[in-house]
Amino acid sequence: MEIPPYFQSDPVSRNSSRLPDDTVFFSIFPDSSLSPADLQSLHLQILHSIAPFTSSYIWQHEPFNLSISLTPLPHLHGRLRFGDNLEDEWFTVFLLFHISQSFPSISIRVHDSDGEFLLIEAAFHLPRWVNPENAQNRVFIRRGNLHIIPKRSLPNPTLIESLKFVIDHEKESLASEAVQSAIKNRIADYPERARKNTHQVRVRVPVSVAQVLKHEPCLISLAVEGFYDRDIDTMKYAAKMERFLSRGREEELVCVGVKMSRAMYAQLVQQKFQAPKCYPMPSRSEAAVYVEAELGMKIACGFEMMYQQRKKEGAEGKGSTWSKYKESLETSGYFQGLIPGSKEYKRLMENAEEYYRNSSLFHRTSEMLNSPVRRIDEILSLPHSADDFKNQEVPPSDDDSWLYGGEEELNSALQERQKELELYESRRKMEKKKSKDHDDTGPSSSSKAENFDLGDLAKSMQAFIHKVSSFEGAEVPGSRSVEDNIGHDLESFMDDLEKMERQGLERASDVGDDEGSSSEMDYDDFEDEGDISDHDEDGEDTFMPSYSDAMNEELKNTSLRKSFITATEHSSNKNEGTSSAMEDTDEDFSPVNVDFNLVKNLLDSISSQEGLPGPASNLLGLMGVQLPKDDKKSK
């Protein structure tokens, strides 16, 4: 199975800084630089345009929102934690596409903790060059379409360069139709899908909880989060229920309808939780009432734990920002490796806490944590009683069979992905086959065969042989000519050979006995033909022929001569054919045509590879030599 390039990297290495998990980030960049006042106006216009979709939507953790930023250029930005509810992320994508259509003069960038998740969704349709390492600052939403800045246009784009390119070259950066379809099909069911993701249920809760949900139904998300993320410390708050169950077991439960996301409903229903002793649970004999009260008890406990925890952290200003601040101190070595709880560690911690309390970060965190607490206090300060919720018609709970029968939907989604993968693989195979067929039978194939010069093959190999190698191994010839390489002095080489021969003859003259040996006889015979000094004088004229004759004589009776084609054979082969040339060839060796033998052996080696990789084709490929197809063999 072939994996698309965008899946072939480790997602953790895609960003140098670790982003918060389960969070989507988005930025909206106007085409022209706007003043803070103009940005504020644009901010309000955008929120107003999406209000029909978001007014009744229950977000998992936090609602869609935007803030103004002036660096690196004036723009709007936001972040949204979707947690276990992936629908929030894709609903956000739908809203961003809607915003880009409503405001044509803006460009939008969106990503999450996994990186460019829009590219992940369309991975089977992306160009081959796209991967997580080069995708940064390339993906934008504009005028209701996805844009991917080509690598050939901007190899390493900055944010400002990318924004300018996507404005000036909108058609060039527009993603392919297949990529557009993959993304738009994913959000095609919104906003209807967002409404279907909402689950309404009947519950029985204390009057104080009913009062809060009546005025701020969106706070159900914080209550479910408080219940689902509970720990030993927050469970202590649920055991007392001081804020939402002031009368203890005497508190009256009222029936109300609560809207939440399906993910929230699953988080409440799927967890077993023992009711606090102070909580007024009804008898199990009334099954329907007990189920409604049990779910309401989990919501009430979630409200209590969330309220008390945020109130405590708000007073101390120690929310998630304090945790990040403390983590940065530990990373920078502020605590000097001291053991937590030691005297010096406590002193450093007190100094850090004092600095944090005096910072603007403390006040912003405290404000953020205290805002739902203050809102709950405001709501509960209003007059309210159980009579306000009696005699109200509460609709029945929605069918929750989806919670237990999602196997078909899951299988359908997996089958759809499988079909997409199979289509991708078949398309890749077709592309490879077309490419191969084009190379083999394309219009340029015959012309390549006709224009191919075997002499160039020999020259390329000679250039490779004469190339200077290093400790890293043989180097493929580049643009430098052979003359630029280190030359070989043939005269010096021949002089060295002659000296070696003379030294051998002198040693031979010293060996022998009185009876006369073969060595002495040979030496005498050699002296009769002339003095060594005479040989030295005209050695340049006589050595090479004699040396060559001796070598040929030695190889004459071996099979080695049959492995080379001589110049006579090559010439006869051109004129009369190989068979007649072999008959006319003299027993003595004719000069060997080195280039012809080189080319012939290379071609034989490539032919024996039968189209598979091998040493000969790899070597020629490195030298940039591409041989035409062997048409005779294919037939």
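This is a predicted model: local features need pLDDT of at least 70, side-chain atom pairs count only at pLDDT 80 or more; totals for chains, interfaces and linings use all residues.
The protein contains 27 helices and 8 strands. Of its 635 residues, 37% are buried. The accessible surface amounts to about 38200 Å², and carbon and sulfur atoms hold 51% of this area.

Helix H6 spans residues 177-186, and its buried residues are Val179, Gln180, Ala182, Ile183 and Arg186. These residues lie on the same side of H6, because they cover an arc of only 160° around the axis. Such an arrangement can be related to the geometry of helices in general. An α-helix has 3.6 residues a turn, so residues three or four places apart point the same way. The opening question is answered by Glu177 and Asn185, which are exposed on the other side of H6. The cover over the buried residues of H6 includes helix H2 (86-102), helix H3 (117-121), strand S6 and helix H7 (192-196).

Strand S6, which forms part of this cover, also belongs to a hairpin with strand S5. The two strands, S5 at residues 139-142 and S6 at residues 145-148, pair in the antiparallel sense over 4 bridges. Val139 has Ile148 in S6 as its bridge partner, while Arg142 stands opposite Asn145 of S6. Between the strands of the hairpin there are 2 residues, and Arg143 adopts a positive phi near 55°.

The burial of S5 may be considered face by face. In a regular strand the side chains alternate between the two faces of the sheet. In S5, Val139 and Ile141 are on one side, whereas Phe140 and Arg142 are on the other. All four of these residues are buried, and both faces of S5 are therefore described as covered.

Met544, Tyr547 and Met551 make a nonpolar surface patch of about 280 Å². Of these residues, Met551 is located in helix H22, which comprises residues 539-555. Met551 counts as partly exposed because its relative accessibility is 39%, a value that falls between the limits of 20% for buried and 50% for exposed residues.

Conventions. Residues are numbered from 1 along each chain as its sequence is written. Side-chain values use heavy atoms; hydrogens and water are left out. Two strands pair if DSSP finds at least two bridges between them. Buried means under 20% relative accessible area, exposed over 50%, partly exposed in between (1.4 Å probe, protein chains only). The arc is that of the directions from the helix axis to the C-beta atoms. Contact means heavy atoms within 4.5 Å. Patches are made of residues with over 30% relative accessible area and no salt bridge: like charges are joined within 9 Å, nonpolar side chains (Val, Leu, Ile, Met, Phe, Trp, Tyr) within 5 Å. Accessible areas come from the Shrake-Rupley method with a 1.4 Å probe; for residues, only the protein chains shown count as cover. A salt bridge is a side-chain nitrogen of Lys or Arg within 4 Å of a carboxyl oxygen of Asp or Glu.
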